[in-house]
Amino acid sequence: MKKKSQPKIKVFLVDDHPAVREGVRSYLTSQGSVAVVGEASDAKEALRKAKKLAPEVIILDVNLPSLDGGELARKLRLTVPRAKIIGFSVHASQEYVVRMARCGAHGYVMKDAPTAKLVEAIQQVHKGGLYFPPEMSDAILAPETKPSAEGEDKSALTTREKEVLALLAEGLANKQVARKLGISVRTAETHREHLSHKLNIMTIAGLTKYAIQHGMTSLGLPAQPKT
Amino acid sequence: MSIKDDKRGKIRVFLIDDHPIVRDGVRAFLTSCAIDVVGEASDAPEALRKVKKIAPDVIVLDVNLPSMDGWEVAERLRRLVPKSRIIAFSIHSSEEYVARMARSGASGYVMKSQPTSELLDAIREVFKGKRYFPACVENVAPARKLKPF
C-alpha cells in the first residue's frame with residue numbers, strides 16, 4: 001500500500017528584500033516538507049495576508065522599514081495566534097533575540113547562518129518547540145527587570161549613545177560613526193544596540209524620528225535606510 | 001548551436017554577499033533568466049581570490065561586507081579583473097553610497113529593496129557597456145583610471 005505523504009508545513013515569508021524572499025522561497029520549495037503559501041514585503045501587507053492565509057509558520061524579517069520586528073510579531077500573534085513566528089535577522093546580539101522572544105517569536109535564525117538552519121527551525125517550531133541560540137536561553141527565560149522602555153526619557157542614554165544616535169540620524173552607517181568617533185565598528189554597533197533597546201526603537205527610521213523630535217539632529221539632513 | 005556555444009553566450013555573473021540566503025535568491029532568479037552564475041563568495045578575501053581565476057563578465061557586489069568596505073572591494077576588483085563590470089547591490093539608497101560606489105568603479109547600483117528584475121536589467125545593461133544607476137545620481141562622475149596590481 002502506498003504510504004500517505006506528510007502534509008507540507010505552510011510557511012509565510014515577510015521580508016522587504018525581494019532577493020531574500022526569492023532565496024528563502026527557492027530553498028524551502030526545494031525541501032519536500034515545506035510549502036511557501038505567501039509573501040509580504042511590509043508589515044501592513046503581512047498582517048492583511050497572514051489573516052487570510054492562516055500559515056503555520058511565519059518567517060519574519062526583524063528589520064522591516066515600516067514597523068519594528070517585535071511590534072509586528074506581537075500584532076501577528078494577535079492576528080494569527082496559531083502561527084509560529086521565526087525572527088529572521090542580520091542581528092546576532094542578545095538584545096534583538098530576547099526582544100523577539102518576549103514579543104512572541106518561537107525561534108530566531110540569523111541570515112548569515114547556513115540556509116538549512118531555517119528548515120530546522122521551521123520543523124522545530126511547527127512541532128511546538130522553540131528554536132533560539134542555546135547560549136541565550138538564560139537571558140530569554142530571565143524575568144524582565146523593567147517595564148517596556150517605550151517613551152523613556154533620552155537622559156537615560158549615555159553621552160556616547162546620544163552621539164551615536166545623532167550621527168545615525170544624520171545618515172551615517174555604523175562604520176562611519178565608528179570612524180567619526182574614533183571607536184571600533186563593533187563598539188559603535190554595541191552603542192546602537194543599547195540605545196535601540198533603551199528606547200525600544202529598532203529601526204533607523206524610528207531612531208531618526210526620535211532624534212529629530214528630541215532636537216538631537218537637524219531636520220535638513222536626509223535620513224538613510226539601514227538595517 | 002551546441003550546448004557549449006549556448007553556454008558561452010550567457011552572461012557570466014559572480015556573486016559576492018555574506019548572506020547565503022541572498023546568494024541563493026539571486027542565483028535562483030538569475031539562473032531562471034538564462035544568466036550563468038559562475039561563482040560566489042561570502043567575503044572580500046574569498047572574492048578577490050576567486051574572481052581572477054573565473055574572470056566573470058559581471059560581478060554583483062554587496063556593499064556591506066563584514067571584512068571590507070564595498071568601495072574598497074570594488075577598487076581592488078577593478079585592478080584584478082578590469083574587464084569585469086561591477087554592480088553594487090545594497091540596502092542603502094543614499095546618494096552618498098551610490099556616488100561612492102560609482103567613483104570606486106561600479107558600473108551599476110541596485111537596491112536590495114527593488115524588485116529582483118532590476119538586478120537582471122542592470123546586469124544586461126552593464127554587460128553591454130552601459131551604466132545603471134538610480135536616476136538621482138545618473139550624472140555622478142565615473143571611476144578614475146586605476147593602475148593594475
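This is a predicted model: local features need pLDDT of at least 70, side-chain atom pairs count only at pLDDT 80 or more; totals for chains, interfaces and linings use all residues.

Biologist: Which residues of helix α5 of chain B are buried?

Modeller: That helix spans residues 95-103, and its buried residues are B:Tyr97, B:Val98, B:Ala99, B:Met101 and B:Ala102.

Biologist: And what covers the buried residues of α5(B)?

Modeller: The cover includes β3, α4, β4 and β5 of chain B, together with a helix from chain A, α8 (174-181).

Biologist: Several of those are strands. In what order do the strands of chain B form the sheet?

Modeller: The order is β2-β1-β3-β4-β5; these five strands form an open sheet with parallel pairing. From one strand to the next, the twist averages 20°.

Biologist: Which strands stand at the edges?

Modeller: In chain B, these are β2 (36-41) and β5 (108-111). Each has a single partner strand, so one side of each is left without a neighbour in the sheet.

Biologist: How many bridges join β4 to β5(B)?

Modeller: Four bridges join β5(B) to strand β4 (residues 85-90) of chain B, and the two run parallel. One example is B:Ile87, whose bridge partner in β5(B) is B:Gly108.

Biologist: Which strands does helix α4 of chain B touch?

Modeller: Helix α4, residues 70-80, packs on the sheet and touches β1 (12-16), β3 (58-62) and β4 of chain B. The direction of α4 makes about 160° with that of β3(B).

Biologist: Let us turn to chain A. How many helices and strands does chain A have?

Modeller: Chain A has 10 helices and five strands. Its length is 227 residues, of which 52% count as buried. Among contacts in chain A with a separation of 6 or more, 65% are between residues 24 or more positions apart.

Biologist: At what angle do α7 and α10 of chain A cross?

Modeller: The axes of α7 (residues 159-169) and α10 (residues 204-213) cross at roughly 110° and come within 9 Å. The two helices are therefore roughly perpendicular to each other.

Biologist: Which residues meet there?

Modeller: From α7(A), A:Leu165, A:Leu168 and A:Ala169 meet A:Ile204, A:Leu207, A:Thr208, A:Tyr210 and A:Ala211 of α10(A). By class, this contact has seven nonpolar residues, one polar residue and no charged residues.

Biologist: Which residues touch the most other members of the largest nonpolar core?

Modeller: They are A:Ile58, A:Leu60, A:Ile122, B:Leu30 and B:Ile123, in a core of 73 residues. Apart from that core lies another of 28 residues, including A:Ala173, B:Phe14, B:Ile86 and B:Tyr97.

Biologist: What is A:Ile122 in contact with?

Modeller: Beyond its neighbours within four places in sequence, A:Ile122 is in contact with A:Ile9, A:Val11, A:Leu28, A:Val34, A:Val57, A:Ile59 and A:Ile86.

Conventions: Residues are numbered from 1 along each chain as its sequence is written. Chains are lettered from A and ligands numbered from 1 in the order in which they are written. Side-chain values use heavy atoms; hydrogens and water are left out. Axes are lines fitted to C-alpha atoms, for helices over the stretch in contact, and angles run from 0 to 180 degrees between N-to-C directions. Angles under 35 degrees count as roughly parallel, over 145 as roughly antiparallel, 65 to 115 as roughly perpendicular and the rest as oblique. Contact means heavy atoms within 4.5 Å. Ala, Val, Leu, Ile, Met, Phe, Trp, Tyr, Cys and Pro count as nonpolar, Asp, Glu, Lys and Arg as charged, and the others, Gly among them, as polar. A nonpolar core is a set of buried Ala, Val, Leu, Ile, Met, Phe, Trp, Tyr and Cys residues joined through side-chain atoms within 4.5 Å. Buried means under 20% relative accessible area, exposed over 50%, partly exposed in between (1.4 Å probe, protein chains only). Two strands pair if DSSP finds at least two bridges between them.
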